[in-house]
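A short report will do.

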Amino acid sequence: MTDIFASLGNWNWLIFGFILMALEVLAPGIFLFWLGLAALLVGLISFAVAMSWQIQLVMFAIFAAAAVPVWRRLAKPKPDASTSSFLNKRAEALLGREFTLEKPIIDGSGTMRIGDTVWRVAGPDTPAGTRVKVVQVDGANLTVAAA
């Protein structure tokens with residue numbers, strides 16, 4: 001087995017790296033990509049510096065182990081303040097936004113469709129088609145004013 005490994009020389013790492021990356025395409029999970037990258041790095045380094053196969057194998061193990069924390073750092077989702085702060089607080093996300101009334105506000109109350117939801121709105125009597133701005137939120141009730 002070691003004769004086969006030694007006979008291919010530096011090319012075995014490049015072949016192994018490309019095989020691992022091809023397997024990653026067939027079975028995605030990002031894990032084989034980093035092993036393939038580690039193998040490619042060992043192959044490229046072994047072209048520049050003559051090393052025994054034992055040292056190459058140790059280098060592969062080090063690169064593969066180092067790839068795990070690198071990948072975790074790169075893959076860590078960055079919190080997006082615009083979406084995470086309003087999670088389960090849909091009404092608060094509407095505060096300050098402007099919408100067009102489909103139905104008039106009569107006697108200080110009415111309804112307004114925003115997306116797929118119909119909201120109760122309160123504010124001054126306003127005809128349909130008027131642009132209004134959400135100025136206050138109270139549970140599922142929105143207080144609006146002319147925009």
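## A buried tryptophan

Trp13 is buried, at 3% relative accessible area. Buried means under 20% relative accessible area, exposed over 50%, and partly exposed in between (1.4 Å probe, protein chains only). Trp13 sits in helix H2, residues 11-26. Helices (H or I, at least four residues) and strands (E, at least two) are DSSP runs, numbered from the N terminus. Also buried in H2 are Asn12, Leu14, Gly17, Leu20 and Glu24.

This is a predicted model: local features need pLDDT of at least 70, side-chain atom pairs count only at pLDDT 80 or more, and totals for chains, interfaces and linings use all residues. Residues are numbered from 1 along each chain as its sequence is written, and side-chain values use heavy atoms, with hydrogens and water left out.

## Helix H2

H2 has 16 residues, which should span 22 Å at 1.5 Å a residue. The expected span is 1.5 Å times one less than the number of residues. The end C-alpha atoms of H2 are 23 Å apart, which agrees.

## Aromatic cluster

Rings of Phe, Tyr and Trp (its six-membered ring) pair if their centres lie within 6.5 Å; planes under 30 degrees apart count as stacked, over 60 as edge-to-face and the rest as tilted. The count comes to six aromatic pairs. One of them joins Trp13 and Phe16, edge-to-face, at 6.4 Å centre to centre and 70° between the planes. Both residues lie in H2, three residues apart, about one turn of the helix. An α-helix has 3.6 residues a turn, so residues three or four places apart point the same way. Phe16 counts as partly exposed, because its relative accessibility is 34%.

Trp13 also pairs with Phe60: the ring centres are 5.3 Å apart and the planes at 35°, so the pair is tilted. Phe60 lies in helix H4 (residues 53-75), so this pair ties together parts 47 residues apart in sequence. Phe60 is buried, at 15% relative accessible area. Ring pairs link Trp13, Phe16 and Phe60 into a cluster.

## Thr126 in its loop

Thr126 lies in the loop between strand E3 (117-122) and strand E4 (131-138). Thr126 counts as buried, because its relative accessibility is 11%. A polar atom of its side chain lies 2.7 Å from the backbone oxygen of Pro124.

Which residues does Thr126 contact, leaving aside neighbours within four places in sequence? They are Leu101, Pro104, Ile105 and Val132. Contact means heavy atoms within 4.5 Å.

Notes: Polar contact = N/O pair within 3.5 Å; in protein donor to acceptor, adjacent residues only side chain to side chain.
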